[in-house]
There are 2 protein chains.
Amino acid sequence: MKWPITSAALALCLLAAPAHADGLIDNVNGITLDEDGKVVRFTALLIDRDGKVSQLLTRKDKPPKQLDYKTDGKGMTMLPGLIDAHGHVMGTGFQALTLDLSDTSSLAEAQAAIAAYAAKYPDRRWIIGGGWNQEKWGLGRFPTAADLDSVVADRPVLLERVDGHASWANSRAMEIAGITPATKSPDGGRIEKADGKPIGVFIDAASGLIQKFVPTPKPAERDLALAKAQEILLSQGITAIADMGTTIDDWQSYRRAGDDGWLSIRIFGYAGGIDNMVAIAGPRPTPWLYDDKLRLGGVKLYLDGALGSRGAALKAPYADAPKEKGLQFLASAELRNLMVRAVMDGFQPAVHAIGDAANAEVINAVEELSDTFTGDRRWRIEHAQIVDPVDLPRLGRHGIISSMQPVHQTSDRLMAEARLGPDRLGGAYAWQSILKAGGKLALGSDVPVEPANPFAGIAAAITREDANGAPFGGWRPQERLTREQALAGFTTGGAYAAFAEGKVGRLATGYRADFILINTDPLLASPRDIRATIVEETWVGGRPVYKRSAVKSGNEDSQDKTITGEGR
Amino acid sequence: MKWPITSAALALCLLAAPAHADGLIDNVNGITLDEDGKVVRFTALLIDRDGKVSQLLTRKDKPPKQLDYKTDGKGMTMLPGLIDAHGHVMGTGFQALTLDLSDTSSLAEAQAAIAAYAAKYPDRRWIIGGGWNQEKWGLGRFPTAADLDSVVADRPVLLERVDGHASWANSRAMEIAGITPATKSPDGGRIEKADGKPIGVFIDAASGLIQKFVPTPKPAERDLALAKAQEILLSQGITAIADMGTTIDDWQSYRRAGDDGWLSIRIFGYAGGIDNMVAIAGPRPTPWLYDDKLRLGGVKLYLDGALGSRGAALKAPYADAPKEKGLQFLASAELRNLMVRAVMDGFQPAVHAIGDAANAEVINAVEELSDTFTGDRRWRIEHAQIVDPVDLPRLGRHGIISSMQPVHQTSDRLMAEARLGPDRLGGAYAWQSILKAGGKLALGSDVPVEPANPFAGIAAAITREDANGAPFGGWRPQERLTREQALAGFTTGGAYAAFAEGKVGRLATGYRADFILINTDPLLASPRDIRATIVEETWVGGRPVYKRSAVKSGNEDSQDKTITGEGR
């Protein structure tokens with residue numbers, strides 16, 4: 001498998017960056033939260049030689065006279081670097097390097113894109129990619145192998161659904177994988193069939209039947225994907241991301257970037273299962289590496305699937321499929337065993353739970369384990385989309401962190417109503433209820449399942465309206481967050497969820513100088529303007545790692561430019 | 001599997017070490033080689049704040065007055081830290097933590113040791129260890145499962161031969177592994193049989209049939225083994241070691257030590273095969289990490305077995321087994337493919353070759369590849385024990401590095417004569433002939449196959465006599481090295497072989513201040529005194545990492561004490 005970008009693309013572009021020194025970013029509309037979560041405004045930021053914040057200044061403060069550099073913020077809004085509390089770093093890079101169908105709005109449009117891609121890359125042995133969503137296409141059914149065969153029949157094609165919980169294969173791919181009408185669905189997965197024949201769609205674990213025949217990316221390709229992911233995230237104002245499902249191969253790529261000086265974003269690693277956890281970190285979480293840029297501190301466990309593919313485990317059957325209640329991948333005892341295995345050695349479990357049955361199961365487990373494993377555990381539930389209202393108070397009782405993605409709510413709205421019916425939405429994407437119950441929130445995007453853009457996330461969080469303003473007034477608007485709560489979710493909430501408070505998430509003395517300069521004030525601007533926020537600069541650890549001006553004046557080939565080197 | 005030392009043993013012991021600062025080690029009998037390989041003598045060493053040598057001083061030089069610390073060398077001899085060009089770091093640690101039979105001189109003595117060990121550790125599910133040598137026992141045959149069953153029958157036992165090329169199992173272990181008379185020898189290995197029944201000894205790849213049932217060590221146990229290996233090596237004056245056959249699990253342990261600040265020895269990693277190479281380093285060698293303490297720069301490939309087990313690949317049959325010519329694990333094309341795979345991405349191949357056929361094969365491969373892969377490749381042959389004299393000139397022609405272990409010669413002498421007969425010894429352990437032919441030498445121990453002690457290595461190198469002075473005058477004495485050549489082999493030779501010249505191996509301005517203080521001058525002392533050398537202090541990067549005085553006055557439980565922390 002070859003990738004469109006050659007290794008030369010890794011050649012690092014270093015803008016004239018100030019060396020570590022005492023510096024001042026002046027004339028900004030600075031916003032941060034203080035340790036009590038209150039908004040603090042300031043007009044200038046003083047950075048020390050270690051790349052940490054030395055002081056926030058207001059108009060009345062006099063900046064020191066001895067400065068190594070001074071930058072005019074030109075009145076732009078300065079925020080702490082935003083933290084995506086749930087994303088997939090390598091997936092983000094690979095999605096950008098492979099066929100991306102996330103912008104297609106019909107099957108025909110997708111078919112055209114696939115045909116064009118196949119023509120453009122005649123030497124790729126497999127056509128891989130993802131981003132399709134039959135709901136968005138209004139297809140009313142899954143796409144089929146035949147739909148793919150009509151555009152690419154000579155080579156295998158395997159395309160992931162936008163939520164990562166289903167794959168769409170053509171006949172050639174099924175042939176290579178030896179899939180026949182007799183092939184049985186594996187545990188935790190389902191081969192979609194019609195008249196007893198596989199139609200070409202494979203749910204959850206069934207994807208693996210074909211996935212295992214796709215050539216694995218080489219280390220150099222992984223490094224490219226990491227570089228691409230950094231470029232995408234930093235250009236959108238994200239300075240740190242919780243990487244959900246880090247594998248040992250991903251980790252080695254992160255370490256190469258750290259060792260070679262081009263790791264610019266902070267990655268909070270959550271290993272993909274216990275085996276990866278042990279392979280990566282061994283007997284305990286890694287220390288914070290590369291000036292707090294990288295740590296493996298937890299493990300991602302999967303308890304159920306997704307709502308769209310009816311894999312989310314529900315207490316009662318799906319409203320639109322009365323015989324199905326979803327897939328719970330782990331028995332109660334298995335979940336507890338895995339959580340215990342992690343927690344015993346000081347790792348933080350982050351359990352994927354979407355359906356109300358899965359969420360109740362995680363909460364039950366936390367409830368039982370909390371007696372034995374006391375201390376500051378910060379149990380995390382990833383997504384926590386559908387929580388039975390009776391379970392909400394228990395989230396608060398155990399200080400459980402709900403790691404949620406506001407844009408999922410706006411994307412899923414109609415689908416969730418179809419899957420659940422009208423009477424089970426009381427704890428659906430229930431951000432405000434979770435906070436009121438004393439639970440903790442960390443917000444993110446689930447990139448590449450949704451685009452990373454955190455401003456779309458903030459806008460969705462405060463409106464529960466989609467990009468078109470629908471539904472007017474917001475879906476179940478009582479669950480909207482205030483602007484301050486939304487900002488906290490993408491800053492202090494994400495830091496706390498990864499044991500990184502005190503390092504990042506706020507701008508205060510001693511914190512890493514991670515910040516962005518943007519053209520809107522998210523505490524004042526309209527949701528529409530927030531969505532349209534332009535990130536002018538992104539700084540990590542007191543160094544500029546993205547400047548839009550460098551993009552505009554720079555290489556025409558590149559839509560945006562990221563500073564990934566640190567000039568070793 | 002549990003290990004005798006608990007995690008608490010990892011608690012780091014930090015002697016009152018000077019912080020990085022300008023320091024002087026005064027009043028020493030300093031010896032180093034200069035860049036032309038000539039001996040330089042000096043009386044004091046000046047160390048800078050980065051832990052590098054700033055100056056060598058002689059009596060006539062005035063030391064600077066402004067010093068952060070000053071240490072009296074009390075007239076001791078100072079050498080550059082010694083480099084073991086071929087060892088197995090984790091194996092060294094694990095050997096020390098498991099049953100070690102290397103000191104036993106008869107089967108009965110070994111059986112007593114095994115019985116005692118089994119009684120001491122009743123909770124170990126497997127009894128594992130190694131170090132046995134039926135030649136040393138004068139047994140005249142391999143030991144058998146029955147020999148083991150008579151002392152341990154209830155639990156599986158698996159013990160490696162001293163050279164790592166054979167394993168000895170009891171009946172319980174064979175039962176667990178499902179070994180029966182019908183079990184066939186795998187490729188590259190041999191199940192020793194008598195009357196068609198497996199006797200309990202498994203040669204080379206056949207060891208894997210049982211090995212795969214032994215529980216693998218956990219990361220915490222690996223870390224213990226690394227800590228133990230450092231303790232052993234540093235206390236013997238070894239400050240750097242080429243680790244032959246690094247696995248991804250080994251590597252993760254080295255990184256944990258580096259990340260947590262307790263990596264004290266320098267490890268030049270050679271990955272155990274291409275898969276480990278890719279998993280560890282990816283698309284190119286890693287950078288030098290942790291102030292030049294760790295790098296994965298090459299790959300270890302196995303071409304043949306060992307002479308003792310008649311696995312070494314010979315051009316003509318064994319003198320004492322006329323139907324056998326040894327085992328060549330890779331076909332010519334396979335060897336070339338693996339070497340190309342490594343060299344294309346800038347990795348350095350280090351090929352294990354012991355028999356004359358294997359050595360000729362590697363030289364042939366280098367000869368062919370040298371046309372395509374020009375530049376500074378530093379092709380390495382590990383062991384290079386039996387080279388056909390006709391092939392010797394070709395070692396020089398291609399600048400091939402022979403990485404050899406002087407003590408192997410003294411241990412193997414009689415066995416080599418038996419295996420080869422009198423007429424094939426012209427290129428046996430032919431150190432001086434290799435140098436005369438223009439080849440390069442790097443010396444080491446192959447620890448834990450032989451003890452690490454580099455002074456035993458130097459003594460063997462200059463005498464070709466064993467510890468008892470036999471044979472008087474040395475075995476094939478024309479191959480003895482001069483004292484300067486032997487010192488070079490354990491310093492500059494090992495550095496060059498690992499692309500570490502300019503960093504370590506000499507004491508000169510800008511080099512890492514790695515040195516030892518010892519009680520003998522190896523350029524003047526008798527071979528007997530050289531063997532008995534006492535290492536008083538070992539320093540790495542300008543910090544003391546071992547002091548014998550701390551051991552003598554320290555904890556009685558510990559025979560020697562190593563400073564493994566750096567006080568972060």
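**Figure 1. Trp539(B) faces Pro544(B) across a strand pair of the predicted model.** In this predicted model, Trp539(B) has Pro544(B) of β24(B) as its bridge partner. The strands involved are β23 (residues 535–540) of chain B and β24(B). They run antiparallel and are joined by four bridges. The two strands form a hairpin. Two residues lie between them. In the turn, Gly541(B) has a positive phi of about 55 degrees. β24(B) is largely enclosed by the rest of the structure, because four of its five residues are buried.

Figure 2. Inside the order, β7 (residues 77–80) of chain B meets β22 (residues 515–518) of chain B. These two strands are antiparallel, with four bridges between them. Pro80(B) has its bridge partner in β22(B), namely Phe515(B).

**Figure 3. Chain A shows an open sheet ordered β9-β10-β11-β12-β14-β13.** This sheet has six strands, and the pairing is mixed. Its edge strands are β9 (99–100) and β13 (189–194) of chain A. Each of these pairs on one side only. Three bridges connect β11 (residues 157–161) of chain A with β12 (residues 166–169) of chain A. The two run antiparallel. Across this pair, Leu159(A) stands opposite Trp168(A) of β12(A). A helix also packs on the sheet: α2 (residues 107–120) of chain A. Helix α2 touches β9 and β10 (127–132) of chain A. The direction of the helix makes about 155 degrees with that of β10(A).

**Figure 4. Chain B meets chain A through 14 residues on each side.** The contact joins 14 residues of chain B to 14 residues of chain A. Helix α7(B) supplies the largest share, four residues. Sorted by class, the chain B side has seven nonpolar, three polar and four charged residues.

**Figure 5. A rotation of 180 degrees brings chain B onto chain A.** The shift along the axis is 0.0 Å. The superposition gives an RMSD of 0.0 Å. This is the relation of a two-fold axis. The same surface serves both copies, as 100% of the contact residues of chain B recur in chain A.

Figure 6. The C-alpha trace of chain A spans about 80 × 55 × 50 Å along its principal axes. Of the 568 residues in this chain, 56% count as buried. Among contacts in chain A with a separation of 6 or more, 74% come from residues 24 or more positions apart.

Definitions and conventions: Residues are numbered from 1 along each chain as its sequence is written. Chains are lettered from A and ligands numbered from 1 in the order in which they are written. This is a predicted model: local features need pLDDT of at least 70, side-chain atom pairs count only at pLDDT 80 or more; totals for chains, interfaces and linings use all residues. Copies are superposed by least squares on the C-alpha atoms of residues with pLDDT of at least 70 in both. Two residues are in contact if their C-beta atoms, placed from the backbone, lie within 7 Å. Two strands pair if DSSP finds at least two bridges between them. Axes are lines fitted to C-alpha atoms, for helices over the stretch in contact, and angles run from 0 to 180 degrees between N-to-C directions. A residue is buried if 20 or more other C-beta atoms lie within 10 Å of its own, exposed if 12 or fewer, and partly exposed in between; C-beta atoms are placed from the backbone. Ala, Val, Leu, Ile, Met, Phe, Trp, Tyr, Cys and Pro count as nonpolar, Asp, Glu, Lys and Arg as charged, and the others, Gly among them, as polar.
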